Every structure is written in C-alpha cells, then in structure tokens.
Amino acid sequence: MYADIVDLRAFYSSLLGRLAEKSIAAAMEPVWAAVPNERLVGLGYALPWLERFGTDAERVFAFMPATQGAVNWPPQGPSATALVFDEELPLPDSSIDRILMVHALEHSEDPHETLKEMWRVLAPNGRLVVVVPNRRGVWARLEHTPFGTGRPYSRGQLIKTLRESNFTPGPFSEALFFPPSHRRAVLRLHHYLERAGRRFWPMFSGVIVVEAQKRLYQGIPVSRRASRRVFVPVLSPQGAGRSSLTDR
C-alpha cells in the first residue's frame, strides 16, 4: 500500500521534510549524469526533485500511483501529473530517457513487475534512479515519516532485484544520516550529522540511492498477461439497476 498523498505533502512541507529533501538531493547529484533534452518521468512522489533536476529536460511527467493519490503539478502552466498503475504506464515502448522512483518501489505490489514496466518504457540507453528506505537505517523503523512505511531494502537486496529485472546497477549514494526528529535542537545539527554519517557510518543511512541502466543483451520473456485491475464506476451505486427492476 502506497503512502497517502495528504501525508506526503504534509511531511515535505514540514521542516523535517524540507531537510530530508535537501539531503536526498545531495545524494542524487553524484549519480545523476547529465542528459541534455531528456524525457524525464517521476514515479511515486518525486515532485521536490523533479523541480530540482528537471529544469533542463525536454519534457517532465509526474506519475503518481492511483492508490496514493495525486496533486496538480506544476502550479503554473499545463498539468504534468497523471494517476497511473505502476505495472501499466500509459507510455509507448522506449519513450523515456530517465525515470526517478521515490516512495514507489518499496510500496509496489510486485517489484519485479514494476521494474519490468520501467524497462519497457525506457529508451535503449535509459537510466533509472531509485530511492528506497535503507533496511539498516533508523528512518525505516519509525512510522512518523513516509520512509517508515513499505518494504525497506538493503544494498544487496536492491542489487538482486534490479538485476533480476534486467537492469545493471551503477553508482550508489546514501542520505538521511540525521535522526528523524522534529526537535529543532536536533535538526540544527543535521548538516554536521550528514557529513559525519557519509564518512563514518554510510551503511546506516536512512535511504539508499542508486542509478541503474537498462540492460539490452539479455531479453525479457514476453508473455501475454491479463490485467489484474478491476475498474468500478464510483458514481454508479452497485445494485441500483437490479433493485429498480425488482421493484417493478
């Protein structure tokens, strides 16, 4: 189950959330290779980082899972937000240069199916940037932040999952070494704790960031599958038609 969009917006509007955003952005920079005029998609809740890293992109989309909910983005201009199912993206094959997954993979019903869908829509030289909670970190153990929900990963588990889905893991990075506390006295020390954590205890970071590349020399078996999604019209009460016929 994905985190709720209301909780995500409330977290990133708080001081703790803003500091978490900056920490993750700093961890993304070493793994974010420059791709001019790229087509960029954020899946999950990636808005804070799409605004940072998508300024030079030709086109940017913010895809949000239907079970999470969505908000309009960007605030000015045409909306680039869409509600999607992470296993059935409304995109043609090989149409995207880079995908950023934040608050996505750890909530996926089937991570391998989700990553195979990422593989399908990525261009032959496409890149995937994944941010997931670290199984060894404190942030994954406390539920008052979005990183305390879902399925955390170790670095080894993430590598295995990516390779099984036809991706080649590349450079790794870490973020969120300061504790997830709302106390201002603790948050004032976040910069020093981040620097110390990167140097002395990187394995205990709050999140793991990895860039992976689409692998082409090993194909994915193609099989026809029926959608597991069932669409129910929410404005039509179930059973209304039957009851009206029986009353007659």
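The buried side of helix α1 (residues 5-13) is covered by, among others, α2 (15-28), α3 (47-53) and β2 (59-65). Helices here are DSSP runs of H or I with at least four residues, strands are runs of E with at least two, and both are numbered from the N terminus. This is a predicted model, with local features needing pLDDT of at least 70 and side-chain atom pairs counting only at pLDDT 80 or more, while totals for chains, interfaces and linings use all residues. Residues are numbered from 1 along each chain as its sequence is written, and side-chain values use heavy atoms, leaving out hydrogens and water.

In α1, the buried residues are I5, L8, F11 and Y12. They sit on the same side of the helix because their arc around the axis is only 125°, taken from the directions from the helix axis to the C-beta atoms. V6 and D7, on the other side, are exposed. Buried means under 20% relative accessible area, exposed over 50% and partly exposed in between (1.4 Å probe, protein chains only). At the start of α1, a side-chain oxygen of D4 comes within 2.8 Å of the backbone nitrogen of V6.

Over the whole protein chain, there are eight helices and seven strands, and 48% of the 248 residues are buried. Of the contacts (heavy atoms within 4.5 Å) between residues at least 6 apart in sequence, 71% join residues at least 24 apart.

As for W201, the loop between α7 (190-200) and β7 (207-214) is its place. W201 is partly exposed, at 31% relative accessible area.

Methods: Polar contact = N/O pair within 3.5 Å; in protein donor to acceptor, adjacent residues only side chain to side chain.
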